[in-house]
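Please look through the sequence and the structure below before reading on. The paragraphs that follow lead from the confidence of the model to the contact between two chains, and then to a few local elements.

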Amino acid sequence: MRTLLSVVLGAAVAFAGNLLGLWWLALLVGAVLGVWANGWWAGAAGLAGWLADLAWVAMRGPVFVAARVSAAIAGLPRSDGILLLGLGAALAFAGAALAGALTHAVGRRAKLRQP
Amino acid sequence: MGNLRWGRALLAAIGLAGVLLAQLGIIGGLPPLGSVLDPSTGVLSLAARSSLPTSERIHAPVPGTASIAFSHQGIVDVRATTDTALWYAIGYAEGRSRLFEMDLLRREAGGTLAALLGPHYLGSDEFQLRLGVRAAAKANLAALTAPARAILTAFTAGVNAARTWDLEHHAIPTPYLLLNETPAPWRPVDSMLVQEFLTEELDYTQEPVDLTRAVAHLGLARTEALFPIVPANPQSPFDTGPYPSHGLVPLDPPVQVGPRLERALASIEHSWNEVPSWARHQGGNSNNWVIAASHTTTGAPILAGDPHLPQTLPSIWLWLEARAPGYDFAGVAVPGLPVILIGRTPTTAWSLTDAETQATYFYRLTTSSAHPGAYLFDGRWRRFAVRTYRIAVRGARTVQLTVPVSADGPVLSIEGIPVAVDWLGDQVSPDFETILGILQARTLAQFLDALRSWRAPAQNFAFADAQGQIGIIAAGSYDQFRHGIPWLVMNGNGSEQPVGTIPFAAEPASLDPARGYVFSANQRPVGPGYPYYLGTSADFYANGFRADEIAHTLATTPRLGVRAVEHLQTSVTDILAHSLVPWLLAHVHATVGSPEAAALGDLRGWNDQMTVNSQAASVWWIWLGFDLRDAFDPLWRATGLAQPAGSVLVVNQLNDPLLEDLQAIDLGTLSPSVLAPPGKPVPSPIALARVALAQTTTWLEHHLGRPGHWAWGRLHRREFPSLTGAAALAYGPRPSSGDAWTVNAADGGLLSEQGPSWRMIVAFHVASLGILPGGESENPLSPWYENLVGPWWNGSYLPFSTRGVSRPIATWTIEGAG
């Protein structure tokens, strides 16, 4: 229960970070969550925060069209808009998950060394 | 167990480092994905800007208040209680809707594209800096009067307020996010760079370079015959005289063209091709005309104008209506400038076409290893002035550029003999103040007075006022020469410099003419008796076919109304076909049942309309291309004359002087002997036409199938490319009517990306109508990105006026400081 709550709280912080353009906050959230949860939970928080922000943007406009247009301006095929969204989600998850996994592993190691 | 955990930690650290590098944009070529893909502040936030604007209040450090209202179609209407607030508000409106476009324009002109877009644009930057565009913008800014400077200052503050809003609201245009760049603040000199952008687009040509190469291969006499000063066709001049009796006729032998000069000329041709296509206007096409009250159905003058420019998304124009205590106007402005260039006030209206007179003169300089850093001028060695630039290049090292500057202008060649360019755009031209004067003119006399100081780009200003006066004048600066041949590269030794300019009173003009109309379509504005030098038929004067149609319609229709003017503005009649197809049908015959017979049958029933469904239009256009190539290519090949891309030496349907020659040869007013390669027999125009017809049917069958499937729309398309370069954000390509010299022009061959960039009709006391192929916003998700393309394509218009937008959908209120 504590893990679930911390993931929800972490997702809320990541969401707030994304709202303000502080995308790296999701990594910090992941690192902090890693202290008592594993990397998967941390990644879930980062991803949930990113998706919540995406949903917030989607409520105000056509986010898939924006992705397609952005892909086109980036020189990618317009159909790669969906890939752009996938990449965003993957990075949000991976950043938080890897940060969480790192602190989790380091934390467990430290616990093991305690007498 | 402990080692395993350390191994996991190490793997996680490595993975995290990789993700971080990707998110920070440190992996080669990738943008910073962390910020780019942040939904609320990255590229996806574009979704939140897909709706129409809502009303806002903005505080500004200007006296007075202003409102920026938007019509349903996005047309911007600015009202202000002070003039300063007006210029600020216009800057704000332009900045909010076109910041990326404005940045591109100033960067293209000022040679800083590579800093934003990378090494691909280094050649363009180098060309612009060699040409001296940045230096000219600075000089123009320094020459501004204090009131004009104050206007630019207020405008600049407005643009920067919009930029700040974009930054604070994570709303900067998507390309910046992908490039991890922030648009630099706007400066007054940037507006002068935009002015220079227009001057260069309209006035910079390299025909003397091309023609000098032609002389080296064809000889002077043949080059003069093929690219004459006075074109082979009459061209319907708008100023028919009487002309002043005196003038200057330069006649010296041309410079000798050796391999080193030819190399220099090739380097100039090559370097110009580095400039992006959206910044080069090589097809000279615009129309304007004014009909006097005595010849209209409305009882008041009607003015029509449609400037033809590269058609991009966003458009080069922002449709703007504005009113303040000192100003009241409506029309189109180029983003980056606070004033409209074409439009109307409550009592006047005007439109421009490019005068297309020669504005670029080239000089071969004499240098010596015994006098490094110097050139021979007036019999002594003079040191070059030197301009030094550091060109920032995104993703690469900064490049140092040194440009020697002679008395004849900067050295433009990169190889071979130094060749300098004297371009009128490098001189100070008070265009901005002139436009301010035009905005305040109430009569034809005041309008002309405002134009006295206009230098470059030379433009045909058509004008009308509510009292019924009409006129047209080709205002500009026209260099005159006593020695040298100005349409070729001249000697840069001080003996062939310009000796003066055409007096304002003698510039081509037609004021309140008895015939009741004035018009221009980039044709040569004067007849053969005009005593001053204006450039040659090759100096991208149009071929005169549009002018012929406009002149014919205005002369033969007793009274014209708005509908008739709309009809003429969207006409796709090919006047050259009207002249040559009967000749072709009279002289070329084919076996019954053959594809050639089918092609001739199409032409026989044709009304010269380049419509989408016309098969004859396809036959005509393809035949014309083959006939031109069959006529001129053998001469080019036999003399070793190359056809560099973008030059006047390329043999195709877009080469106006050669089209005029072909027309004259086929109709018997020019001897076909000009086509004969040295030592070869004179070709028969009829034999050439017959061969071209066979080639045409073979080509059409190969590309479109059997006769019956040759509709023009299957060959000819029109496209409006996006300034971002993204093909997916372009409009089209779509099957399109018209061709390069129909009044409704589709320039550029079978894929047209240039044409009417704005159509306007002002019928005094009745209606003002306008339309542009694009929209007011540069945001691809905005409903106003391309919403006006449809009506433009269909030949529809929207009403506008100086009275403002009725029932705006949103209003931004700018509250000033008192």
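The term pLDDT stands for the predictor's confidence in each residue, on a scale from 0 to 100. For chain B the mean pLDDT is 94, and 98% of its residues reach 70 or more, while the model scores ipTM 0.93 and pTM 0.94. This is a predicted model, in which local features need pLDDT of at least 70 and side-chain atom pairs count only at pLDDT 80 or more, whereas totals for chains, interfaces and linings use all residues. Residues are numbered from 1 along each chain as its sequence is written, and chains are lettered from A and ligands numbered from 1 in the order in which they are written.

Where the chains meet, 38 residues of chain B are in contact with 39 residues of chain A, contact meaning that the C-beta atoms of two residues, placed from the backbone, lie within 7 Å. On the side of chain B that touches chain A, α1 (2-24), α2 (33-36) and α8 (174-179) of chain B each supply at least two residues, and α1(B) gives the most, with twelve residues. Helices (H or I, at least four residues) and strands (E, at least two) are DSSP runs, numbered from the N terminus.

In chain B, strand β2 (residues 65-70) runs antiparallel to strand β31 (residues 810-815), and six bridges join them; strands pair if DSSP finds at least two bridges between them. Within this pairing, B:Ala69 stands opposite B:Thr811. β2(B) also pairs in the antiparallel sense with strand β3 (residues 76-80) of chain B, over five bridges, and B:Ser67 has B:Arg79 as its bridge partner in β3(B).
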